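Hello,

Here is the structure we discussed. My notes on it follow below.

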Amino acid sequence: MSNENNRKTWAQPWSYREGTIVTAAILLLGFALQAAGGGIVLRVAAFPWNLVAGLVFLALLISAFVLWQKHQVMKWLGGVKAALPAILGFTFLVLLMGFVKQDVEPKSALVRLLGLTHLVKTWPFILINLYLMILLGIVTLRRLTPFSLKNAGFFLNHFGLFLVLFSTALGSSDMQRLRMNCYEDQTEWRAMDNSGKTVELPVAIKLLNFNIDEFRPKVTIIDNQSGQIVLNKGKNQFELLDRNALDLFGYHVDVEQFLESSGKVGDAYFPVNEPGSAPSAKVKVTKDGTEISGWVCSGSYVNQPEALKLNETHSLVMLPAEPRKFSSELHIQTKSGKNIKTTIEVNRPFKVDGWTIYQLSYDTEMGRWSNLSVLELVRDPWLPVVYFGIFLMMAGAGFLFIYGKPKNGGTEHVA
Amino acid sequence: MEELNMWLDFPIYASVAILCWLAASGLFLSSGKKVMNQLAAGLSFTGTAFLLIFITILWLHIQRPPMRTLGETRLWYAIFLSGIGLATYLRWKYKWLVSYSLGLSVVFLIINLQHPETYDKTLMPALQSPWFIPHVIVYIFAYALLGASSLVALRNLFFKPTEKTITGPIQMADNLVYLGFSFLTFGLLFGALWAKEAWGHYWTWDPKETWAFITWMFYLVYIHYRFRHPSEHKRAMTILAVSFAILLICWFGVNYLPSAQNSVHVYSE
Ligand code: HEM
């Protein structure tokens, strides 16, 4: 350590000082490039150029390693003293993302110029990623030669992360994420990308039926004057109408009748099942010996909600029911000649011809009467490589779990 | 029973657990006798078991995994942390660590007692996935392990240890970090695989994801630093303490950050 302090910067062997300088230079260069470009959002070239670039990168990395394996700088690049500042530099960018809301319109000229609201698509992010990949590549190669099974955990962790970074960076431009609005009984094959451009797909989708399964609605107490939900110790208090009696704020509520789907006739609600009908409940509310009964209804896009006035200050209201599950029955036809009927829902997408079809949303205004289903179609040809990297990392985590810290405390391979 | 808010029973279970744990810590710290230590271990286990019973009943009652609100995750944390404290005691006989972790579990229960939950049975469709339970359990387990490791760090920062007295605890910190970090990695990767099923992309830099990633990176720094500098204990302990501070931001702080409005991960109170 003592000669480390006397060592001139850039005199061998390099240490944290050089690591910090290199990382800082990369970040500064990145931000400078970003600002010089006027804050443009970057995109990696699409297939096949990303593949070519990736292969060239791998070839250069491997030949540089083979050629200069014994060189001091190569040893430094494969060591912790280059790695730690690089990891911290990357962490710094991610911290920025943690504080600045991403994917929104920049609020100031400086934020726009530096690309702080779109950090993952900026020069500093791409350059530091590249640097990390170089370091990870070199450290992996260093531990692979000579080959030893003892390094299996190390290899899985580092090469796994390398693959994930490599494939997500290169694949980002080949990934398509499109939104498709499907109306019941209409066939749709056009979808919109992020920038609002319409794309024609080799897949045509007809929405046969859109279904929503709802939770029972919740009830709560509002203040008559402000119309706001009354807070209890700073929190909203809700109760789900899934039982016959409940307590809310000192009010005791007996549910005398609950109608899943109802319409108002005169002063009362009756079961009906037509577009726009809403849940309602007949309740008896008691507090301090006074008793009030009447109907509450959450209302819908055609019907007014109905509140039950309890006294001068409070009313009982029913909130719109929340979806438990929503699903779309689809008829899918592809250019390749496939003809499929299937149902998709959230967490249950469907795959066809390289596209994955997700249930995204619906017309929330109309709730369960929505005849619109919003689908998301995703094509991500690099996904298998990403997943392979993820599985390597999982296996690596398994090694960490089973073997823990290396017994010799790292003294064996120090660089 | 049906109309009783389940959390109303919580003070009973929590009080029993707190009493057991306080008694256990007292016994661990005050007595050197083997019988007393065994009694303490038994008490500490009883406290944890009581909470396990409570959370099982709660789970059955609300018909969804109780992993959605901050109060619910604090409950899991108290369970795992006390369990890990006991396990490390049984494995390595660190009495101070089990006492600290029981103390921290007591703190989490007291926070829960002071902020009674109104429970919410609804669970949005995206969370209704087979990934939900493994993702959350693995994460909270990781947090509990890393929390225990940060106790080692704090102890070393405050009670200036000597070269001799630090070797044991720091090895324990390493063991806890390696275990905790492997769980953290699993949590992160499970989250990515789940996100792909639910939202079409494995990583969207949602604020919670971003902070979880930052937390992961800090522990990564600790692991690499320790690997390269096995005898620089003081700095390693500082890195460990900072990492835990970041973990706490990720867990509690994200809800309050301006970057986190509309995040799917923000726990409801
Ligand atoms: C972010 C990019 C990373 C870089 C640049 C990096 C770099 C390094 C370097 C240079 C070493 C020392 C190797 C030696 O001197 O022989 C090392 C060791 C180690 N790294 Fe990483 N690493 C990275 C990510 C990771 C990840 C993601 C994990 C775990 C999931 C990990 C776990 C380890 C472990 C456990 C060791 C100790 C060596 C051993 O177990 O044999 N590293 N890393």
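H158(A) is buried, at a relative accessible area of 14%; buried means under 20%, with a 1.4 Å probe and protein chains only. H224(B) is buried too, at 16%. This is a predicted model: local features need pLDDT of at least 70, side-chain atom pairs count only at pLDDT 80 or more, and totals for chains, interfaces and linings use all residues. Residues are numbered from 1 along each chain as its sequence is written, chains are lettered from A and ligands numbered from 1 in the order written, and side-chain values use heavy atoms, without hydrogens and water.

Now the iron site. H158(A) and H224(B) are the protein donors of the ligand's iron atom, each through NE2, at 1.8 to 1.9 Å. Donors are N, O and S atoms within 2.8 Å of the metal (3.2 Å for Na, K and Ca). The pair crosses between chains, from helix 8 (residues 152–171) of chain A to helix 7 (residues 207–228) of chain B. Helices are DSSP runs of H or I, at least four residues, numbered from the N terminus. The six donor atoms subtend angles of 84 to 179°, so the arrangement is octahedral: opposite donors over 155 degrees apart, all others between 65 and 115.

Next, helix 7 of chain B. 22 of its 22 residues are buried, so the helix is largely enclosed by the rest of the structure. D206(B) caps its N-terminal end, with a side-chain oxygen 2.8 Å from the backbone nitrogen of K208(B).

Last, chain A. The C-alpha atoms fill a box of roughly 90 × 60 × 50 Å along the principal axes. Of its 415 residues, 47% count as buried.

Best wishes

Conventions. Four donors count as tetrahedral if all angles lie between 85 and 135 degrees; four count as square planar and six as octahedral if opposite donors are over 155 degrees apart and all others between 65 and 115; anything else is irregular. Helices (H or I, at least four residues) and strands (E, at least two) are DSSP runs, numbered from the N terminus. Buried means under 20% relative accessible area, exposed over 50%, partly exposed in between (1.4 Å probe, protein chains only). A polar contact is a pair of N or O atoms within 3.5 Å; within protein, one must be able to donate a hydrogen and the other to accept it, and residues adjacent in sequence count only if both atoms are side-chain atoms.
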